Every structure is written in structure tokens, then in C-alpha cells.
Amino acid sequence: MIDPSIGYAEQLRRRADALATLCVHAGEPPGADGSLDPPIVMSSAFAFESAEHAARAFRGEDDAWIYGRWGNPTVSALEAKLAALEGAAAACATASGMAAISGAVLATCEAGDHVVAPRSMYAESARLFRERLPKLGIQTTFVDGDAGAYAAAMTPRTRILYVETPSNPTLGVTDVGAIAALARGAAARPLVVVDGTFATPFAQAPLAHGADLVVHSMTKGIGGHGDVIGGAVVGGAELVGAVRDTVIKGFGGVLSPLSAWLVARGLRTFALRQERACATAAALAAHLAAHPRVVRVHHPSLSSHPGHAVAARQMFAYGALLSFEVGSGDDALARGRAVLESLRVATHAVSLGDVRTLVVHPASTTHSTMPPETRHLAGIADGLLRVSCGLEGTADLIADFDRALG
Ligand SMILES: *Cc1c(COP(=O)(O)O)cnc(C)c1O
């Protein structure tokens, strides 16, 4: 869906234009008092008009607000905006991205079920599948991201084909359409669940390629300002309803109204922010790829990237994250840290999708809990630095990386 004939800047501008009106208006009717900005409804319970009203509400015949864990107007407005941006029937906001991911699994799997998931993914998701779910009798087989490996790992008890694309931290790209075709062809019809955090709804629409659910950390590019923790599960009404019942009602992973309001506020400028951050990431990736002190750059915009062709077909943009490798052999770990500590414009911090450019050294931080062999199998080199491009001046950032590398 990326059309090389129009140039990448024009590609980004058109995508931003396609989403901008939804960003501003979706899910936001003016408040009852005429306020343009939706109120932050900080109320744990809501008054009933009568005993009959309460009885109807409890029978589900009236969509009255009852109790803050079951639903809240501010959170609901955010969910409507998110569903619109993802082109989905429904969205369920959660307390964090991990609540969304664990909730999607716990709402759809039971003891004895099986998951196929990628070897290279967000480290806490890897721990969920590797350490926590087996205690509940849910086993996972880890594969490299291609459809052939997923097909080989499937069993009659496979309930979820889990995908993270682009993946953390090497920006591996998985063909969602190919995985969805596998799921449709299997007798047990597993669900395709895609962690779309890195791409955000700006850069890809997994549901359009056959995914059943998309999970997001709204802490990242969706909230976009680095000031809130939140997550979401997006997809068809019935599945999202089941996730809501399990994660929100049952396990209590509810998003606070204040957090929902912050995310919705962030989303109003989402298209503009992503347009700029994606442009900076492509420019920085191209610059670093030509730098003599950089061993390798991982960004789907580069024709050298193994996922380039699939990304060009499946994505609207190549995303705001990239990673690159410095040093070699025993020197790589120290070199990675040295470059990181020399940056002045980019900030040394975890997380991503912030207004600030954030850089981490996965081998000594986010992925240090992974056994080294697993880490290397996942392609995470000791000198790898992950960069989440923010909204600073592109030239200032490029100069900052040049100085740090020199
Ligand atoms: C941050 C992140 C998560 C977890 O989200 P939280 O909001 O921190 O719980 C999951 N997946 C990916 C790809 C992430 O970047």
C-alpha cells in the first residue's frame, strides 16, 4: 500500500489526511453542557432514575452507566475514537498494553490450549507466553515470523496465532494476510491477534488483512506524549465484548477516566505527529545506513530490510521506530552504551512513541531478562540501539547521532 511512485513524504501526507478528521472528531459529540472537549467523568457510580430504570439497566435493556469498572463515558468516547481510527466495530480500553495482551489471551484460551508466537517480541509479552501462561496450562511454541513456521507449529489445540509486527526491537515484519489465511484454513480456526503498537493505526490496519484482534499499548504512539499508561483491544464486537467481560469486569484492568481523556487528547494530533515521526525515522535510517561506524540498520523503509516488500504491501507507512548496530564482537556491548551516553538531543529512556526521541540499549536493559542464546536467536545484537523518533527537528537529531557516533 506504499506507492513508491508518489514519494514517501506525499505517502505520509495522504495517510495523515485520511485520518485527520477522525482524529479530531470521532467519538466526540459535544458535551451535554455544550463543552467541545469531552468532560472527564470522575465518578465510580451513576445514579438511577428509578427502581425500574435500575432493573432495566441490570437486565442489559438500557445502556445506562452503572459502575465505573463496567463502563465510563470518558473511556467510552476514547474507545469510539480508537475503533474509528482502526476501522473496527469495537474497541476496549485497558489499564495498560499488557492488560490488553494478557486479556486477549485469557478471554479466548483455556488450559490445554496452544499459542504460536514469535521469538522476537516485546520482552514482557515474551515472559507472558514463556513463564506465566504455562502455569495456567496454556503452552506456546515460538517461531520465526514467517507463515511457514507458524503452519509447522500449529496443533489441533492452537487457539491463537500471535503476531507482533513490526516487532521489537529489530522491526521484523510479518505478513498478516498470510497468517490470517492459515487460520482460516485450519479446522480449529485459531484467532489471529496482532500487537500493532509499533506501527500504530497510522501505519497499518491489521483487521483489513484478516486479523481478528489488534492489541495496542496506548502508552506509546497512540497517547503519544509519554504521560499516560494504557492499552486497547480492537476488533469485532463479539470478541471485544468477551475481552471486556474478562479483562475489565473480571480481572479489573480498567483504564481510569483521566488516563482515557489524556489518550483522547493525544489522539487529536495523532495523524500529524505520526506523519512527522515516520518521516524523521526514514531520514535517520537512510543516514545511519550510509554511516561508516554503523554495522547495520533495521527499518522497513530500507530495501536491505528483509521485511521491506511485505511492509510496502501491508503498511501505510514504515513507522517511527528503527534500530541500528554499532561495534563488533566483545566490543559491541561497550560501544552501544558509549554511543547512547553521548546523545544529547535524543533521550536515554525506555518506552516509545513519545514526543521526545527515545533510545535504549536492549541487550543491557529491556531484553536483559531474556537468556543470551534466546536474545541472539531473536537477532538482538549486543551493540543494538533502538530509536523511537519523536518530534524534534530532523536535522538536529541527525547531527546528534553523528556526534555520538564520532
Ligand atoms: C510497551 C509495549 C507493550 C506493553 O504496553 P504497556 O502499556 O507498557 O503495558 C506491549 N507491546 C509492545 C510492542 C510495546 O511496545
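**Exercise 1. Give the strand order of the five-strand open sheet and identify its edge strands.**

Step 1. The order is β8-β9-β12-β11-β10, and the pairing is mixed. Strands here are DSSP runs of E with at least two residues, helices are runs of H or I with at least four residues, and both are numbered from the N terminus. Two strands count as paired if DSSP finds at least two bridges between them.

Step 2. β8 (294–298) and β10 (347–348) are the edge strands, since each pairs on one side only.

Step 3. β8 and β9 (residues 321–326) run antiparallel and are joined by four bridges. Within this pair, Arg 296 stands opposite Glu 325 in β9.

Step 4. Helix α11 (residues 270–289) packs on this sheet, touching β8, β9 and β12 (384–388), and its direction makes about 15° with that of β9. Helix α13 (residues 332–342) also packs on the sheet, touching β9, β10, β11 (358–360) and β12, at about 125° to the direction of β9. Contact means heavy atoms within 4.5 Å. Axes are lines fitted to C-alpha atoms, for helices over the stretch in contact, and angles run from 0 to 180 degrees between N-to-C directions.

The model is predicted: local features need pLDDT of at least 70, side-chain atom pairs count only at pLDDT 80 or more, and totals for chains, interfaces and linings use all residues. Residues are numbered from 1 along each chain as its sequence is written, and side-chain values use heavy atoms, with hydrogens and water left out.

**Exercise 2. Describe the seven-strand open sheet and the helices that pack on it.**

Step 1. This sheet has mixed pairing and the order β1-β7-β6-β5-β4-β2-β3. From one strand to the next, the twist averages 20°.

Step 2. β6 (residues 213–217) and β7 (residues 231–235) are antiparallel, with five bridges between them. Leu 213 has Gly 235 in β7 as its bridge partner.

Step 3. Helix α3 (residues 73–86) packs on the sheet against β1, β6 and β7, its direction making about 130° with that of β1. Helix α5 (residues 123–132) touches β2 (114–118), β3 and β4 (158–164), and its direction makes about 130° with that of β3.

**Exercise 3. Characterise the interface between domain 1 and domain 2.**

Step 1. Domain 1 covers 15–23 + 73–267 and domain 2 covers 270–405; the bounds come from an automatic or database domain assignment. Their centres, taken over C-alpha atoms, are separated by 23 Å. Domain 1 brings 45 residues to the contact and domain 2 brings 39 residues.

Step 2. The buried area is about 3200 Å², and carbon and sulfur atoms give 65% of it. Buried area is the accessible area (1.4 Å probe) that two parts lose on being put together, summed over both. Pro 169, Leu 171 and Phe 202 supply 18% of what domain 1 buries against domain 2, more than any other three residues.

Step 3. One salt bridge is counted between the domains, where a salt bridge is a side-chain nitrogen of Lys or Arg within 4 Å of a carboxyl oxygen of Asp or Glu.

**Exercise 4. Which parts does the salt bridge of Asp 113 and Arg 157 tie together?**

Step 1. The closest N and O atoms of Asp 113 and Arg 157 are 2.7 Å apart.

Step 2. Asp 113 lies in the loop between α4 (97–106) and β2, and Arg 157 in the loop between α6 (147–153) and β4, so the pair links parts that are 44 residues apart in sequence.
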